[in-house]
Amino acid sequence: MARAYYHREVLPFAAMIGAECVNVGLNILFKAATLRGMSYNIFSAYSFAISTIVLIPFLFIFPSTAVLPSFKLPLVSRICLLVFAGSFGKILGYKGIEYSSPTLSSAISNLVPAFTFILAIIFRMEKVEIRSSSTQAKIIGTIVSISGAFVVVLYKGPTVFTSVSSVSLQWPLGSALSQWLIGGLLLVAEFLLFSIWYIVLAQVMKIYPAEFTVVFLYNLFATILCVLVCLIAEPNFSSWILRPSIAIAAVVYSGFIGAFINVVHTWGLHLKGPVYVAIFRPLSIAIAAAMSALFLGDALYLGSVIGAVIISTGFYAVIWGKAKEEAMVDDDQQHPLLQKL
């Protein structure tokens, strides 16, 4: 009994918190690498390639015990959509961080549940009952979250906190308001694509319930796609050479940690559902603010704080509505006779 509780509750909880921490660390390292001249396109290609190599042994160490279907058009088409959404989302996200900061990325990441809810309605994966309190909470939470994102992107505000012991790195793109705005919009586009990624991944896992195989295929084809993009966007092959610097550490860390995060999110989504995976997003705001100030010398702006609070409020409204809806479904399943009276 205790072992089942540990596997079902404690282990996913610890894994999700760990995934958020290392993901913020990844964004911090990427930002430091771009300040040294690293291309975000090449960074993405190397990251996916290393993740693919890292995952190969796990395919044999942890083979799937489920009966798996053959690769037919419905499964292949969803994997292709997964690759396009994930790879381009990652490219846009890294470019957005290059223009802005990891703290802004963490704040805007809380739009994922709102975007997911809207997409689920569009694709008829979510039932909307206007008179239901759970539906009202999700709709209001979605509107509030999107409003908070506008605050974060459009209002930078005065500096709330800055590190006195920051590293002396110069921003190649500056910190102008226009670049902050562009970075914010790119990050919004990233998390819209990752909302699509979550929905498609849930469908893929229903058809093909093998976490390591799905994540390996995703990283393999994302590597191919990113390399093709790099060949067009980075015609100078000398930019592919990684010289001894923080760029190498960032790329290697990204490859290993990227594989870990993908596996954890896929496993968590399969075990607990997308709502559980998304509920840990607000943790990244505080982690990113502290780490950015300490390691990059990034300032924490009032607009990011206000927007993050608004987004988090809307986020938890969406989560509350979803949790209440799932509780009602569970109650109906436990007491089916009451529905017939």
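A disulfide is a pair of cysteine sulfur atoms within 2.5 Å. This is a predicted model, where local features need pLDDT of at least 70 and side-chain atom pairs count only at pLDDT 80 or more, while totals for chains, interfaces and linings use all residues. Residues are numbered from 1 along each chain as its sequence is written, and side-chain values use heavy atoms, with hydrogens and water left out.

Q: How many disulfides does the count come to?
A: Cysteine 226 is in no disulfide, with the nearest cysteine sulfur, that of cysteine 230, 6.5 Å away. By the cut-off rule, the count comes to zero.

Q: Is cysteine 226 buried or exposed?
A: Here's the scale: buried means under 20% relative accessible area, exposed means over 50%, and partly exposed is in between (1.4 Å probe, protein chains only). Cysteine 226 has 1% relative accessibility, so this residue counts as buried.

Q: In what order do the elements of the chain run from the N terminus on?
A: Helices (H or I, at least four residues) and strands (E, at least two) are DSSP runs, numbered from the N terminus. The chain has twelve helices and two strands. Reading along from the N terminus, you get α-α-α-α-α-α-β-α-α-α-α-α-β-α.

Q: Which residues have the most contacts inside the largest nonpolar core?
A: A nonpolar core is a set of buried Ala, Val, Leu, Ile, Met, Phe, Trp, Tyr and Cys residues joined through side-chain atoms within 4.5 Å. The largest one here has 67 residues, and its largest share, eleven residues, comes from α7. Inside this core, the residues with the most contacts are Phe43 and Trp197.

Q: Which residues is tryptophan 197 in contact with, leaving aside its neighbours within four places in sequence?
A: Contact means heavy atoms within 4.5 Å. With those sequence neighbours set aside, the list for tryptophan 197 is Leu82, Ala85, Gly86, Tyr218 and Asn262.

Q: Which side chains meet in a salt bridge?
A: A salt bridge is a side-chain nitrogen of Lys or Arg within 4 Å of a carboxyl oxygen of Asp or Glu. A search of the whole structure finds one. The N to O distance is 3.7 Å, and the side chains are those of lysine 95 and glutamate 98.

Q: Where do lysine 95 and glutamate 98 lie?
A: They sit three residues apart, about one turn of the helix. Lysine 95 is buried, with a relative accessible area of 17%, and glutamate 98 counts as buried at 14%. Both lie in helix α3 (residues 73-99).

Q: How far apart in space are glycine 141 and alanine 317, C-alpha to C-alpha?
A: Glycine 141 has its place in helix α6 (residues 133-154), and it is buried, with a relative accessible area of 0%. Setting aside neighbours within four places in sequence, glycine 141 is in contact with Gly314, Ala317 and Val318. Although glycine 141 and alanine 317 are 176 residues apart in sequence, their distance in space is 4.8 Å.

Q: Where is proline 209 found?
A: Proline 209 is partly exposed, at 23% relative accessible area. Not counting residues up to four places away in sequence, proline 209 touches Ser64, Ala66, Leu68 and His270. Its place is the loop between α7 (177-207) and α8 (211-233).

Q: What percentage of the residues of the chain count as buried?
A: The chain has 341 residues. The share of them that counts as buried is 49%.
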